[in-house]
Protein chains: 4
Amino acid sequence: MATPLNIGMIGYGFMGRAHSNAYRKVNNFFELKHRPVLKAACARDKDKIQAFADKWGYESVETDWRKLIERKDIDAVDICVPNNLHCEMALAAAAAGKMILCEKPLAMNSAEGAKMVEAVEKAKVANTVWYNYRRVPAVTLTKKLIDEGKLGKIFHYRANFLQDWTISADLPQGGTGLWRLDVAAAGSGVSGDLLAHCIDTAIWLNGSIANLSAMTETFIKERKHTLTGKVEKVGIDDACQFMCRFGNGALGLFESTRYARGHKALYTFEINGEKASIKWDLHDLHRLQYFDHKDEGRLRGWRSIHVTDGDHPYMGNWWVPGLQIGYEHSFVHHVADFLECLAKGEPCQPDFRNALGTQQVLDAILDSAKKGTWVDVNKG
Amino acid sequence: MATPLNIGMIGYGFMGRAHSNAYRKVNNFFELKHRPVLKAACARDKDKIQAFADKWGYESVETDWRKLIERKDIDAVDICVPNNLHCEMALAAAAAGKMILCEKPLAMNSAEGAKMVEAVEKAKVANTVWYNYRRVPAVTLTKKLIDEGKLGKIFHYRANFLQDWTISADLPQGGTGLWRLDVAAAGSGVSGDLLAHCIDTAIWLNGSIANLSAMTETFIKERKHTLTGKVEKVGIDDACQFMCRFGNGALGLFESTRYARGHKALYTFEINGEKASIKWDLHDLHRLQYFDHKDEGRLRGWRSIHVTDGDHPYMGNWWVPGLQIGYEHSFVHHVADFLECLAKGEPCQPDFRNALGTQQVLDAILDSAKKGTWVDVNKG
Amino acid sequence: MATPLNIGMIGYGFMGRAHSNAYRKVNNFFELKHRPVLKAACARDKDKIQAFADKWGYESVETDWRKLIERKDIDAVDICVPNNLHCEMALAAAAAGKMILCEKPLAMNSAEGAKMVEAVEKAKVANTVWYNYRRVPAVTLTKKLIDEGKLGKIFHYRANFLQDWTISADLPQGGTGLWRLDVAAAGSGVSGDLLAHCIDTAIWLNGSIANLSAMTETFIKERKHTLTGKVEKVGIDDACQFMCRFGNGALGLFESTRYARGHKALYTFEINGEKASIKWDLHDLHRLQYFDHKDEGRLRGWRSIHVTDGDHPYMGNWWVPGLQIGYEHSFVHHVADFLECLAKGEPCQPDFRNALGTQQVLDAILDSAKKGTWVDVNKG
Amino acid sequence: MATPLNIGMIGYGFMGRAHSNAYRKVNNFFELKHRPVLKAACARDKDKIQAFADKWGYESVETDWRKLIERKDIDAVDICVPNNLHCEMALAAAAAGKMILCEKPLAMNSAEGAKMVEAVEKAKVANTVWYNYRRVPAVTLTKKLIDEGKLGKIFHYRANFLQDWTISADLPQGGTGLWRLDVAAAGSGVSGDLLAHCIDTAIWLNGSIANLSAMTETFIKERKHTLTGKVEKVGIDDACQFMCRFGNGALGLFESTRYARGHKALYTFEINGEKASIKWDLHDLHRLQYFDHKDEGRLRGWRSIHVTDGDHPYMGNWWVPGLQIGYEHSFVHHVADFLECLAKGEPCQPDFRNALGTQQVLDAILDSAKKGTWVDVNKG
């Protein structure tokens, strides 16, 4: 019988639901030494957190996150709150000796991130950051293929994350569901929210980024603020794009925006190697596009791989070939890997240190965009 | 707090897992008056059913399905066993006053199916058949669009279900995982297994089928039988295709096979109406292809609708726009609807009577293929 | 310097233009021993044929096709008129010792077709039928792949040809541009017009068809006739579908219609073999979809081959890799092959005898649809 | 009867063929007041140019381009030679009062380009630059849609041009077919060859570019030079990418490379507007992807428009709906428009002045890449 691992969840929004679902499902599909127990959920609003707890089966609720962290019966703290709270909570949780599963991006900036790394490493607590897209089977397969050398030398890496939900000038900033538009809560706009995913994947797949030149744009300069009721300056980046060089010599091109009409959550990447190329996109996350130059000349073409077979990463644990899984499953895989790493005493990537690398690129992006120059990524 | 509904599950295979997952998840995502409780799971093999129960959280196990059905603490029986057992179990469950959720196809033939309909109607127990694809959001949306008249008069309906997993002559028939190749257990091959889905959807979307001309083929005539150890004649249809006329005058064309190299579980349909057309396929189940003749001439084209918005059927209960759900969610939707119908005292479609319609088409198919003539579908 | 081959063109419609363009272009792109000379064009309407001749550079015009055929300076007659005139013209041209390039389908029925075959074989004149789709590079490549054994045993062949241009009941029948709706001129509807293409390709790729069961439908029963001015019964088939067995044991499924809203000229085929499968469609005629089971399991997928490389059939004669050719080029290829065969003294396929095979299937289709039974294809 | 326009062609390579084909075909498909006559073709190698002239029907040949330009019977000079010769030839042709059709890019740089503009404007001769992609029907349709306001305010413009034909280090530089790798002949690499197309289209569709930040890369630093026989430094850019701001406030992102394994000639662009978005790519040039936010919410999706209808730009002159044209037709359209403009006494865009705008962006790109800074585009 699997050992219980008591989860203390802070937050109850979109990510709170996604993580809770993952905790509940993981042992139905994966053979693991541990099983997450939904011990307590925490938020300031008592009614809301109680309703959330009822819906998901959390055994208890708290309204003070410090109290949650101090509870003896909590093994791991899951931080699912706006970015400006990550650092403080993580420091407290580490100090209390709790494992930490922190939503991305790690922090508001790499200064905060560095403190968080120091804290968890000093406390020697298991830690991970929810860059969930690494564990979409098609993306995990990409990592394997690159590591096996199937692509050879990489020439180009391009990625974008396109959305269109903030085009209306009537959309306010701040408050529930809209904190991503509020620079005080989010730290940045699409760079921290969307590009962070692209960068995490890119570093994982193609190694570190050496230097970059970035630009940002805020198309709608003022929006009503939900919390103050006033029209206020928008402090986040609505769009952000950058060119870069990777440590391995590859050229990178990245873009994200919430003004790309027609795209809801289109995260895409393409990698061009000497021997083969790969493309993937989140709107059809169960497919991988693969081009292999070794194929007979007349018959070369991009293969559309339906990543649903038993020999595809994670897929042997689900249904039968041809049947898709969806977005939520990437979180289940993350929990499964976290628990497996826990059993083995290994870090579960991306851990805080690893995720700090993405934070450093994010800092460089905002710095470059502000200065209008190329900047080196500070590997601190 | 939702009222418990105690489930007694018979079987623990692929469908046993899919249904169990649905029961466990449904209340996390849907507001319902009832909540399924995994009360007992049943199979002849004690060790296997215990392992299954442990994995999914069933409170108890049984090794005799008759005993399960008799248990006072079971409200609903879920029949997840090979087709040749459906009838007997359903009759017993109805006699015991249990609700029944029966895997598709309803029965081995329409004679059996008719008995089952009679039994549940006499016993006045809630009943439904797991034709899950109706509740893929894109398919449900199709139903709405047709009902709203967006397509106008329907001229053509074509569907196929293509797989490729039985091409090897070395694959045996019979036994766990392979009972679908054994005519004694399955009753038929691709017609009952795959075309049954196509027919259920077709009747739902386009009304009844009047008459048809069918052909079947068994490409590999003999296979080793797992249970007897001997090479035996293969009694199922490896491939089946038929032409038909619907009651509304539309022409139909259907095909299914397990010899279509390159397709894992490619269920597709296309409907051509006077005003608009629709296409869907299971390999990208979160998309719907829609062509509307009303669009401005220069700008007409097939729209690839990413069926992941809050105003798409069922999708408001899941994540945010752009994020896919998968195969398993169709079962969650079925349970949600079953419970909602239960609360309202309405039948949950397809109920046994409705599913009998598909069975009658299946009978006509095998009859036509055998005789080599057109046959009317017996609406008996 | 290439030897002139004097062309006498009968007709000036859509096909008259397509063929004339092919004659004019072929020597710019292919090295050939002959070069077509646009010697004379013929039609009853003097003004119209003169305008056509001026546009395309025909040296002279005729208004009596019998006179054209008798001209000493004509080497080859191109028959580009409605189906009901093919036989009479071909017999006369053969009698006059002219080569014949005849539009498809060969004839109104196989009785006529047999006479035409007899005539050209007796006269020993070069002859070919314009089933142009064989010479779309992706289709020609398919033929090569099958002949090389890449697909192995063929299990399934399915094809359809979908259009939507006759859905309006206001469209009249008969007369210029609309003779395809007039049974007196066309002989049949979609079967002779569209399925004829599908059948020609199918027989070429997969061998002869043994027997079949077909159905036809005329959705709009009466249309105004352009020539008589009266509302008259529609004698053609608006839609036609059939199931069949090929001589090699493969199952076939074919459909064509002019009531498939959203499809302009969507000719598609898919072939499922033991080792590999192939798909093609006319709306993206420069692509071939190819699935090879030999590919490594994790990386198997349908390849979308952009058939524009120098090692693809015919493509070395055009531009550079990645640049598409279009519909009209299939006719250029046909002329190139006709001239090459002429130089070698070989028949250019499909010749009349070969095209008679398609006519026999068409006869069987109409016969089966009328009787409502399976019929053997008469290979008479 | 159309007035002859005598063409003097300089060059006989890929573009010489594409233009010759266009001159030969244009009057078969378009009603025009002029008709091109292939009067003379010119190249240094007498045998080669004679073979070319024979193949295409040029009436005569020249081996000295100055002599061709001086010929009284030449009305228009077509410059189809490497970039380093454009300026000199154009100046001479203008001085001789000839119309000029010049291959793209206009010149080696904008200094040269400015001289060419001055020359043709002073001489008042008709002039145009072969940026042929403007006249792919789907691209022309895009222009119309933007001009009609269908997209509303533009937020993003992204384009790339991806090829993979120079990945091998064994490929030499210089000489026939390889002058594009030789900086002395080409002036630059992918920027002038490929990005030039992207920029021309972008300025046409979205207005001028204000400033940009670019980077270039030469992956393979040395290649054998065909003309010298020695291994020499490669002076061209193998890859080039840049970010920019358009005058209208839109953000731009551009990339081109010859190291994108799997792409032969994949020119793509995507434009995101407030109301609608558009995507296009050269590998399926007959399609346009269009997303309209005005569509009913549930039914919004990217439309794949098969740009082959009579109401699509240029398409009424070709075949019937559903039948594709190809790459070569963009040149036919350019000639048709050139002749129509000639008849009306209007400039045919892009004329030299217009094409100078693209040259100024190209200069800014190379300047920015060299300096590693943002630069303003000199509209000098």
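Which residues touch the most other members of the largest nonpolar core? They are Ile100(A), Ile100(B), Ile100(C) and Ile100(D), in a core of 532 residues. A nonpolar core here is a set of buried Ala, Val, Leu, Ile, Met, Phe, Trp, Tyr and Cys residues joined through C-beta atoms within 7 Å. A residue is buried if 20 or more other C-beta atoms lie within 10 Å of its own, exposed if 12 or fewer, and partly exposed in between, with C-beta atoms placed from the backbone. In soluble globular proteins, nonpolar side chains tend to be buried together.

The model is predicted: local features need pLDDT of at least 70 and side-chain atom pairs count only at pLDDT 80 or more, while totals for chains, interfaces and linings use all residues. Residues are numbered from 1 along each chain as its sequence is written, and chains are lettered from A and ligands numbered from 1 in the order in which they are written.

Leaving aside neighbours within four places in sequence, Ile100(C) is in contact with Val77(C), Ile79(C), Ala90(C), Ala93(C), Ala94(C), Val120(C), Val125(C) and Asn127(C). Contact means that the C-beta atoms of two residues, placed from the backbone, lie within 7 Å.

Chain A is divided into domain 1 (3–131) and domain 2 (133–376), with bounds from an automatic or database domain assignment. Their C-alpha centres lie 23 Å apart. Across the boundary, 35 residues of domain 1 of chain A are in contact with 36 residues of domain 2 of chain A. On the domain 1 side, α1(A) gives the largest share, eight residues; helices (H or I, at least four residues) and strands (E, at least two) are DSSP runs numbered from the N terminus. By class, this side of domain 1 has 22 nonpolar, ten polar and three charged residues. Ala, Val, Leu, Ile, Met, Phe, Trp, Tyr, Cys and Pro count as nonpolar, Asp, Glu, Lys and Arg as charged, and the others, Gly among them, as polar.

Between chains, 22 residues of chain A are in contact with 23 residues of chain B. Here α1(A) again contributes the most to the chain A side, with three residues. A rotation of 180° with 0.0 Å of shift along its axis superposes chain A on chain B (RMSD 0.0 Å), by least squares on the C-alpha atoms of residues with pLDDT of at least 70 in both. The two copies are therefore related as by a two-fold rotation axis.
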